[in-house]
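Good morning, colleagues. Please look at the sequence and the model first.

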Amino acid sequence: MATINADRDPLEYEKEHVHEVYEQIASHFSSTRYKPWPIVQRFLQELPTGSVGLDVGCGNGKYLTVNPNVFIVASDRSESLVKIASQHRPHSSVIADNLSLPHPFSLFNFAISIAVIHHLSSHIRRVQAIAAILETLQPTSQPEQCPTNPEHVGGKALIYVWALEQRTSRRGWDEGDNQDVMVPWVMKTESNQLSNENSSTFHRYYHLYRHGELEQDITEAGGHVVESGYEKDNWWAIAVPKGIEA
């Protein structure tokens, strides 16, 4: 397994071990990402008709078609993945960094961040990324403040990260293992799908979240966790800015 260099500048480290990798594997990666995860699907399908939200780190945009009654502005650092996501009309897709989102504050009804935050290589950058998402969400309002929608309770975000606790998975990670790892992606040519010949291996950086760590990061980012859980080697949480109760 590739080694982690903790002394590297995080921006350069992520550029080499996250952004450049996804640019190179975008097409192959997209071909393996087509089925929505159940809790993400439920979150999107339960949104009120007409909701407007964000998919931060959208990849190939597979979640843009889950609910045709909402509008999503999708973003990703990978130009190649954004080009794929842009095929999902009428939604919008833009190239953007999670720590520098080009969106107004306090505007959106919802946001999703699925398997993205764990690619940031320091604690402070992961917290800042969560804070950047929370800043885009609408604040809560009392019924008298929003007479056209008396049930309005403000925006909410669904965040997914890889879990450290994957004892039963093929990866076998568990409590006590290193939380910062390099995960290989093997890309084979079409003519060599059954052989290791003419294949390329790329290594992507991941921070594996231990139990309770995602909730701690959300709190540190100025958020409040309204629901959280574990699904298929991932920790997830639904969060709102502090002071908003869903």
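This is a predicted model: local features need pLDDT of at least 70, side-chain atom pairs count only at pLDDT 80 or more; totals for chains, interfaces and linings use all residues.

**Helix H4**

Nine of the 12 residues of helix H4 are buried, so this helix is largely enclosed by the rest of the structure. Buried here means under 20% relative accessible area, with exposed over 50% and partly exposed in between, using a 1.4 Å probe and protein chains only. Helices (H or I, at least four residues) and strands (E, at least two) are DSSP runs, numbered from the N terminus.

Residues are numbered from 1 along each chain as its sequence is written, and side-chain values use heavy atoms, leaving out hydrogens and water.

H4 covers residues 123-134 and reaches 17 Å from its first C-alpha to its last, close to the expected 16 Å; that expected span is 1.5 Å times one less than the number of residues. Among its buried residues are Arg125, Arg126 and Leu134.

**Strands around E2**

How many residues of strand E2 are buried? Five of the six are, in a strand that spans residues 71-76. E2 pairs in the parallel sense with strand E1, residues 52-56, over five bridges; two strands pair if DSSP finds at least two bridges between them. Ala74 in E2 is the bridge partner of Asp55. E2 also runs parallel to strand E3, residues 92-95, joined by four bridges, and Asp76 stands opposite Ile95 in E3. From E2 the chain passes through helix H3, residues 79-85, to E3 in a right-handed β-α-β crossover: with the strands pointing away from the viewer, the path from the first strand over the helix to the second runs clockwise.

**Aromatic rings**

Rings of Phe, Tyr and Trp (its six-membered ring) pair if their centres lie within 6.5 Å; planes under 30 degrees apart count as stacked, over 60 as edge-to-face and the rest as tilted. The count comes to seven aromatic pairs. Tyr22 and Phe29 form an edge-to-face pair, 5.2 Å centre to centre with 85° between the planes. Both Tyr22 and Phe29 are buried. Trp162 and Trp173 form a tilted pair, at 6.0 Å and 45°. Trp162 lies in strand E5 and Trp173 in the loop between E5 and strand E6, so the pair ties together parts that are 11 residues apart in sequence. Thank you for your attention.
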